[in-house]
Amino acid sequence: MYGKDILRISRRALLATTGAALAAGPLATALHVPKAFAQPKTLRIAAGEADGATGTLDPALSTADPDAARINLVFERLVVLDDTFSAAPQLATSWESNATGDEWTFKLQEGVKFHDGEPFSAKHVVYTFKRLLDPKTASPGASSMAAIDPAAITAVDDLTVRFKLKAATVEFPALIANRFTYILREGQPESELRTSGIGTGPFKVQKFVPGDDVSTYVKNESYWRAGLPKVDVVELRAIPEESARIAAIQSGQIDLCWDLGRAGVEELQKNPDVKVVTTRAPFVLTLSCWADTPPFDDVRVRQAMKYVVDREQMLQLVLRGLGNIGDDNPVAPWVQYALKTEPRARDVEKAKALLAEAGHPDGIDVELFTSETTPGFIEMATLYQAMASEAGIRVKLTKAPSSDYWSAVWLKQPFVCSSWSGRGADDALAAPYLSTSDWNETHWKRPEFDAFITEARATTDVAKRTELYQKAQQLLRDDGGAIISVFPDALGAVRANVSGWKLHPQQSTKDFSEVSIG
Amino acid sequence: MSKMVLTRLGMALISLLAVSAIIFWCVEFLPGDAAERILGRNATPESLALLREKLHLNLSAGERYLHWLTSLLSGDFGTSLVADRPVLDYIASRIANTALLSGFALILYIPISIGFGILTAIYRGRFTDHAISVIVLIFMCLPEFVIGILLISIFAIKLAWLPPLALIGSAQSFGQLVELMALPTITIVAAMSAYAVRMMRESLIEVLDSSYVLMARLKGLPKWRVLLFHALPNALGPAINITALNVAWMIGGVVVVEAVFEFPGIGRLMVDSISHKDVPVILAISIVMTGAYIVTNLVADLLVILLNPKLR
């Protein structure tokens, strides 16, 4: 009935809309600030862990993965780790210890400058470590470096630093190659460290505001390693949703990302515009039970729980083959000091027999906590439930929220999924399994184990030290409360025009200085 | 009418106070505190104690609420516990982003809902009506994130016309900004228009069937005049109320849409702040959201009154 009149109405509506759009134009442009540079090469990278309000640039307080990326852009350490977790030089050129391994002297790189022009020297190293170990700083890294005596860190001369240790530590250089020991500039006010730290690294902070969605870094023109970095600007953001991260790299909204899941990698392998980057990593996925709590307090029960695992199947179904098999030992077989064992084969009959021997002829009922907090937890727990049921281990799965899994479930429940980022042998053994560790997730306390580690740390002879570390691993493998069936590879991706990037098996090490575009 | 506005504003203040108290105590009941959430896995008893002292978390809940309220009265929203920056500055950029998204959505939403509403009403029972009604019903039934993911997979991945994520921090020009905002805007409009179109159709049909429209036609007025000046203003009432609710919903944060498109809006900030137990930020956002509901509804009521001489 009104058919013909419609045209007029929609024309009016159209005009009204375009008017509104034009009016909104200036308002909208005023809201975003970034200016165009003269053709800078911008590398856009996306971390997989949420960033947000907790973000920090302060190495002593960094805990999240985007923090690690940020810190690696701006700062450098004395020592870094190579692919097998042996120490390699960065700001230190060489080091030596006294015969007993409790006094270490580091020679520093000459000609390095901080971003503000201040020459890098020993006093900055002394300042950094003293601050890190100061209880007022409350660094989560302080406890792992308790061997250092903060009062006895001295600048011998401008380019020589000496550490006196409270206890002999033969692996001291590797011990300080962690995520907390990046060298700060002495004299920078404490209040600036969270958002605008001055380092010696390849990039300078341009804009980082915790809680904003993107932070930017610009090339350090006077970087000490010639020819680096190879891009002018780095934009860092976090895209926690994996499917969103994949869509972003497929469409070219970002150039580089990591923390990809197995399914995502398969999707990206089909795309010619994207290159998948993988690295063999000793990242530990574990099912951890309290060795002092029934029914796990009987070693036969713990062994039965290990015998039910079909490790090859775990690798294929949980990781789609992108990883390596573990043998209930947190030190992966290719890492320095590793004990190489034939992975325990699945043996349901043996598991049943062990359970019966331990007084559980009808099997046991256990509750396993899992969560989406680490990729693979859900799959690992579900598959374990199926494998264990055949031996009469009835697993009740409880899926906990990922937001507070590490504060509300981990270390609070007797049987949980847990994960540890890749680390060297000593750290991988000590952090979760020493009796005195704050993070003893299996409540497994063996003085012999502690003694092996302490003795190894003080043994200068490599063969003897290796033997001690291996004895500790053997004990843990046979008696401990951790079921470690797989080590997932680290997975990342770059756009096809990006080169020079490698994922480091130590997750917190992220070197972007050699990445180039085009 | 000014008396009504004043009463409503008075009520609004009371509502805001009540909301802040309720939210504060609800957050109190959540397990853990900001210090635990910040330190996460690496917390040690000593570092927790130090941080709690720094953030004044060792004061009692009552003291903290009173302190927050008194500083609010002097215009200070406090400092974010986690991000360590002034709350106002922190949420302002997110509110600006959300306002931008809402603005883009409204620009599309108003002509679409009114236009489709008119079309379905005047072609009622015919093909156009059925086709539009079915499409609108489908969008009404689909959750926003499904629409969002569908749009991403079609327009960003398959056809590669538009960027999948609204990473607006990287926009260099207004054109780029429009491109980045296109998919989330369309998603919101699709999810939001459905109710308004249906509401518009129903009320317009009712008005078109009324005797005064018949009277107007019999007077010999042109059809478009009858439709635009006689029928439409009387049919807009319900649609305006729906629009007010929709605008408040958008300002309150379309969390799901923000999450799908990685859009840095107020909704995700709220969710993140809750998971960090960042109380000052949570309270400030609640107040902004509540305020938005109150104001948009007030504006809607005023508009309805203006359109209807009987209520003036």
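In strand β19 of chain A, A:Ala490 is the bridge partner of A:Thr279. This is a predicted model, in which local features need pLDDT of at least 70 and side-chain atom pairs count only at pLDDT 80 or more, while totals for chains, interfaces and linings use all residues. Residues are numbered from 1 along each chain as its sequence is written, chains are lettered from A and ligands numbered from 1 in the order in which they are written, and side-chain values use heavy atoms, with hydrogens and water left out.

Strands here are DSSP runs of E with at least two residues, helices are runs of H or I with at least four, and both are numbered from the N terminus. Two strands count as paired if DSSP finds at least two bridges between them. Strands of a sheet pair through backbone hydrogen bonds, either parallel or antiparallel.

These two strands are part of an open sheet of seven strands in chain A, ordered β8-β9-β10-β1-β11-β19-β12, with mixed pairing. At its edges stand β8 (203-207) and β12 (274-279) of chain A; each has a single partner strand, so one side of each lacks a neighbour in the sheet. From one strand to the next, the twist averages 25°. Helix α2 (residues 65-74) of chain A packs on this sheet, touching β1, β8, β9, β10 and β11 of chain A, and its direction makes about 165° with that of β10(A). Such angles run from 0 to 180 degrees between N-to-C directions, with axes fitted as lines to C-alpha atoms, for helices over the stretch in contact. Contact means heavy atoms within 4.5 Å.

Chain A also has an open sheet of four strands, in the order β4-β5-β7-β6, with antiparallel pairing. Its edge strands are β4 (92-97) and β6 (148-157) of chain A. The twist averages 20° from one strand to the next. Within this sheet, β5(A) and β7(A) are joined by five bridges, and A:Thr105 has A:Arg162 in β7(A) as its bridge partner. Helix α3 (residues 122-133) of chain A lies across β5, β6 and β7 of chain A, at about 175° to β6(A).

Chain A meets chain B through 58 residues of chain A and 52 residues of chain B. One salt bridge (a side-chain nitrogen of Lys or Arg within 4 Å of a carboxyl oxygen of Asp or Glu) is counted between the chains. It links the side chains of A:Asp212 and B:Arg85, at 3.3 Å from N to O.
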